[in-house]
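Grab the model and work through the exercises below. Try each task before you read its solution.

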Amino acid sequence: MTAINITEWEKAAHAVYAAESILIVTHIDPDGDAIGSLLGLMNGLKSLGKRVVGAVDAGVPALFHFLPGADEIQPKLERGEWDLMISTDASDEKRTGLVGDYGRAHSRAVINLDHHATNILFGYVYLVDSTACSAAEVVLRWFEQMELPLTREIAMPILTGIVTDTMGFRTSSVTAQTLEYAKTLMSAGASLTEITARVLDNRNFQTISLWKRALATTELHEGGIISSVITQADFTEVGTTEQSDQGLVGFLIKVEEAMMSVVFKELPDSKVNISMRAKPGFDVSQVAFGLGGGGHQQAAGATVEGELLAVKAQVIALLQEAVKHGKLTIV
Ligand code: 5GP
Ligand code: MN
């Protein structure tokens, strides 16, 4: 995937200044960067006196309820019109779900703010930089361009996005500049201790119960591919409402013998969600893109139609082919 860097800071700022009402949406199954960049934008643009609505299908996951403004995010959109819509952390339109569909039909213009190399460049104004460690970093850089004063309400969600997408400043996307950004955000009142404790280190017993079932299915395939499967029965048995692997795929990639990890999640309506991670030097984004999804070299995913075990066999074969093109760069 070639890098993309199309950042129309001024055009985007003018679109904001000209708007009275702004809708912000992010991707379905939101992670810390989706929610962090959404809330950072919402709280920042509100401080400019704009009327701002934030929305994501199914609302904010419980893990992120501590963030300022999380209780205002709408899980559905049934009415409203906006001068401007901003899509954050989503590489294509489909990824913003039903709120994205509604928003596009009821907004005059769309800003596409993202950091995925797989971004398909939808929308009217681009703030897309695939070298950014997170969408939240793009939000911060934009606010710096606009000389917008940072408050704790703005800084907390943005630092959460950076912390989660860099797995606690550990990915290859982290530079000295990333740490400068973190310093700026902490100086504005964001607590790194609270963010890491709440979003990286905290797992409840239900999650461990889910992992216990999923780990029973774990296999190490030829080529260094490790996989686990989560079925609808697993979610029902454990009693979770959020159908997430809660970070299992990130746990599996820690296995020494594995170069790529994959978790297959059975969804209702004969769909399968595929979540993948790679060690530095390997690329799972191409496989994800080929399956109609997207992501980054080291973290990517897709949702496809099909029967769980058939999808599993097909994707393992694709990963076994992709792993041949990589080489472990950090041992
Ligand atoms: P996760 O495995 O945590 O669900 O997703 C990892 C990364 O892959 C996400 O941050 C996102 O960049 C990307 N991703 C996951 N699923 C999809 C998908 O269905 N479509 C697209 N475009 N990207 C996805
Ligand atoms: Mn992201």
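Contact here means heavy atoms within 4.5 Å. This is a predicted model, in which local features need pLDDT of at least 70, side-chain atom pairs count only at pLDDT 80 or more, and totals for chains, interfaces and linings use all residues. Residues are numbered from 1 along each chain as its sequence is written, and side-chain values use heavy atoms, with hydrogens and water left out.

**Exercise 1. Work out how enclosed helix α5 is, and what covers it.**

Step 1: Find α5 at residues 152–165; helices (H or I, at least four residues) and strands (E, at least two) are DSSP runs, numbered from the N terminus.

Step 2: Check its span. The 14 residues reach 20 Å from first C-alpha to last, close to the 20 Å expected, where the expected span is 1.5 Å times one less than the number of residues.

Step 3: Look for buried positions (under 20% relative accessible area; exposed is over 50%, partly exposed in between, with a 1.4 Å probe and protein chains only). Among them are I154, M156, P157, L159 and V163. In total, 11 of the 14 residues of α5 are buried, so the helix is largely enclosed by the rest of the structure.

Step 4: Name the cover. It includes α2 (32–46), α4 (135–145), α6 (176–187) and α7 (192–200).

Step 5: Step past the end of the helix, and you'll meet M167, with a positive phi near 50°.

**Exercise 2. Describe how α2 and α4 pack.**

Step 1: Compare their axes, which are lines fitted to C-alpha atoms over the stretch in contact, with angles from 0 to 180 degrees between N-to-C directions. These two come within 8 Å and cross at roughly 20°.

Step 2: List who touches whom. Residues including L41 and L45 of α2 meet residues including W142 and F143 of α4.

Methods: Chains lettered and ligands numbered in written order.
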